[in-house]
Amino acid sequence: MKLLLVEDNATMQVTLSRALERRGLQVLTCDDGLRALGVWRQSQPDAVLLDLSLPGQDGLEVLAQARAAGLRTPVIILTARGTVGDRILGLNTGADDYLAKPFDLDELEARVRALVRRATGSDAPASTAWCGMTVDAESGAVYHQGTPLELTPRELALLRAVLARPGHAIAKERLFELVFPGEKEVQTEAIEVVAYRLRKKIAHTGAQLVTLRGLGYLLKAP
């Protein structure tokens, strides 16, 4: 999924871009309202994260021009302007959603993915992409660069679980429930064996399955 982030605050732009990219999203950036529409047209993103207070031209003007030009890309406004009047104005101008700063990154990601699913007319979960790996939304199979990975059912369950939240620690107990559902006679430590085998099978993708002592497991990019 490709996002266009229009934000003039350098710290916010870098921090937000890196955080979203760690979650498997591709982020393009623009820090000027006058250039934003051109970047939008050229990059053809799946969604736009738009700040309102921009140099050169206000974000609402950028949005109005984009809608007038026929650009239907889903837009989430990100701004410190948090009054009801500002929200209504933004939505009436053509925004699809609105988040006031400061916001929760998990909520932002969820709203972006929901908007893109609605825009594409698909109610199925969006495919997860990480280090060239994708999860087929219908079959649940995992592919790397278009080639299916040869995994056991338990390895596949573990990989799907960590791919759903790359860059985030997932508790060992939670992963155990997903990999060994209803198998009460199996010890929790059995998840370590599955993780060891999976780690070797995805090594060629560049993704790293990291053990976090006392926390669980985390999937990270090289």
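I began with H144, which counts as buried because its relative accessibility is 13%, where buried means under 20% relative accessible area, exposed over 50% and partly exposed in between, with a 1.4 Å probe and protein chains only. I was working from a predicted model, in which local features need pLDDT of at least 70 and side-chain atom pairs count only at pLDDT 80 or more, while totals for chains, interfaces and linings use all residues. Residues are numbered from 1 along each chain as its sequence is written, and side-chain values use heavy atoms, with hydrogens and water left out.

I then looked up where H144 sits, and found it in strand β8, residues 142–144; helices (H or I, at least four residues) and strands (E, at least two) are DSSP runs numbered from the N terminus. Leaving aside neighbours within four places in sequence, I listed C131, G132, M133, L149, H204 and T205 as the contacts of H144, a contact being heavy atoms within 4.5 Å.

Next I turned to helix α2, residues 33–43, and asked which of its residues are buried. I noted G33, A36, L37, W40 and S43, and these lie on the same side of α2, because they cover an arc of only 150 degrees around the axis, the arc being that of the directions from the helix axis to the C-beta atoms. An α-helix has 3.6 residues a turn, so residues three or four places apart point the same way. On the other side of α2, I recorded L34 and Q42 as exposed. The cover over the buried residues of α2 includes β1 (2–6), β2 (26–30), β3 (47–50), α3 (59–68) and β4 (75–79).

I also checked both ends of α2.

G167 is partly exposed, at a relative accessible area of 35%. Not counting residues up to four places away in sequence, I saw that G167 touches R22, L218 and L219. From K2, G167 is 165 residues away in sequence and 18 Å away in space, C-alpha to C-alpha.

Last, I took down the overall picture: the protein has eight helices and 11 strands, and its C-alpha trace spans about 60 × 35 × 30 Å along the principal axes. Buried residues make up 41% of the 222 residues.
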